[in-house]
Amino acid sequence: MKKIFKVNFMVLLIAIFGILLTKQVNAVTVNYGKITNGTCTVTVTFEQDITNTSWTDWTKNGKTATKQMSSGEIAYLSVTNSENVTEEAIIAVPIEAQVGDIIDLSKTGVKNLSIANSDIATIDGLKVTAKKAGETTLKGTVQFEGNTKESNLEWKFTVTSDSNQDSGSGSDSGEDSGSGSGDQGNSTVSRNFSSIRISSSM
């Protein structure tokens with residue numbers, strides 16, 4: 001009986017020790033602003049202050065980081081403190097399209113692309129074709145540069161039939177608008193999105 005107790009006690013100690021060594025990961029809050037001219041303001045809020053980072057293209061203020069990002073763009077942010085607690089954010093900027101648009105995600109490195117409602121849009125490889133007005137969700141996985149595991153992605157995908165709405169065909173750096181592709185006689189626009197990986201340790 002004593003031998004069994006000692007073995008169980010050792011197992012318990014090993015389990016506790018393993019938990020102490022395991023890096024704790026906390027999720028953070030990601031907010032997306034209104035998409036205008038193909039971009040929106042992304043605000044990421046951590047539980048701890050952001051210090052000693054190399055995020056030169058993000059505006060940092062205490063616990064928040066903001067950046068103007070393109071529709072469909074993806075990014076990864078992480079902060080680790082001295083107690084080995086990591087906060088990480090997976091960013092997938094919502095996509096707004098018009099009926100007939102073809103969204104090309106081949107430059108993101110995404111895999112396992114799927115859509116919640118195939119009536120609104122269909123998938124062919126890594127190209128998403130908007131079929132009718134509505135809102136659905138795109139999902140996929142990607143391994144950001146420097147990471148050892150894949151991350152789950154989820155885009156809010158909105159399709160409108162209003163030809164006067166800005167579909168975001170204009171873009172900032174890091175996105176190829178692909179405006180030269182497609183027949184000019186229809187509304188089909190092919191857009192390519194690039195992936196970004198930014199991470200830091202505190």
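Two strands count as paired if DSSP finds at least two bridges between them. Helices (H or I, at least four residues) and strands (E, at least two residues) are themselves DSSP runs, numbered from the N terminus.

Before going on, a word on the source. This is a predicted model, in which local features need pLDDT of at least 70 and side-chain atom pairs count only at pLDDT 80 or more, while totals for chains, interfaces and linings use all residues. Residues are numbered from 1 along each chain as its sequence is written, and side-chain values use heavy atoms, with hydrogens and water left out.

Now the chain as a whole. The protein chain has 1 helix and 16 strands. It has 202 residues, and 38% of them count as buried. Buried means under 20% relative accessible area, exposed means over 50%, and partly exposed is in between (1.4 Å probe, protein chains only). The accessible surface of the chain is about 11300 Å², and carbon and sulfur atoms hold 50% of that. These areas come from the Shrake-Rupley method with a 1.4 Å probe, and for residues only the protein chains shown count as cover. A contact means heavy atoms within 4.5 Å. Of the contacts in the chain with a separation of 6 or more, 58% are between residues 24 or more positions apart.

Strand E3 and strand E5 (residues 64-70) run antiparallel and are joined by 7 bridges. In one place, Cys40 stands opposite Met69 in E5. Thr39 is also in strand E3, which covers residues 39-45. Is Thr39 buried or exposed? Thr39 counts as buried, because its relative accessibility is 13%. Beyond its neighbours within four places in sequence, Thr39 is in contact with Lys34, Gln68, Met69, Ser70 and Ser71.

Next, another sheet. It is open and has 4 strands in the order E8-E14-E13-E10, with mixed pairing. Strand E8 (95-98) and strand E10 (111-115) are the edge strands, and each pairs on one side only. The twist here averages 25° from one strand to the next. How many bridges join strand E13 (residues 134-142) to strand E14 (residues 151-160)? There are 9, and the two strands run antiparallel. Among the facing residues, Lys139 has Glu154 in E14 as its bridge partner, and Val142 stands opposite Ser151 in E14. E10 and E13 also run antiparallel, joined by 3 bridges. There, Ser114 stands opposite Lys139 in E13.

Pro94 is in the loop between strand E7 (85-92) and E8. Pro94 is buried, because its relative accessible area is 15%. Leaving out residues up to four places away in sequence, Pro94 touches Tyr32, Ile35, Ser71, Gly72 and Lys156. Pro94 and Gly33 are 61 residues apart in sequence, and their C-alpha atoms are 9.5 Å apart in space.

Methods. Axes fitted to C-alpha atoms, helices over the stretch in contact; angles between N-to-C directions.
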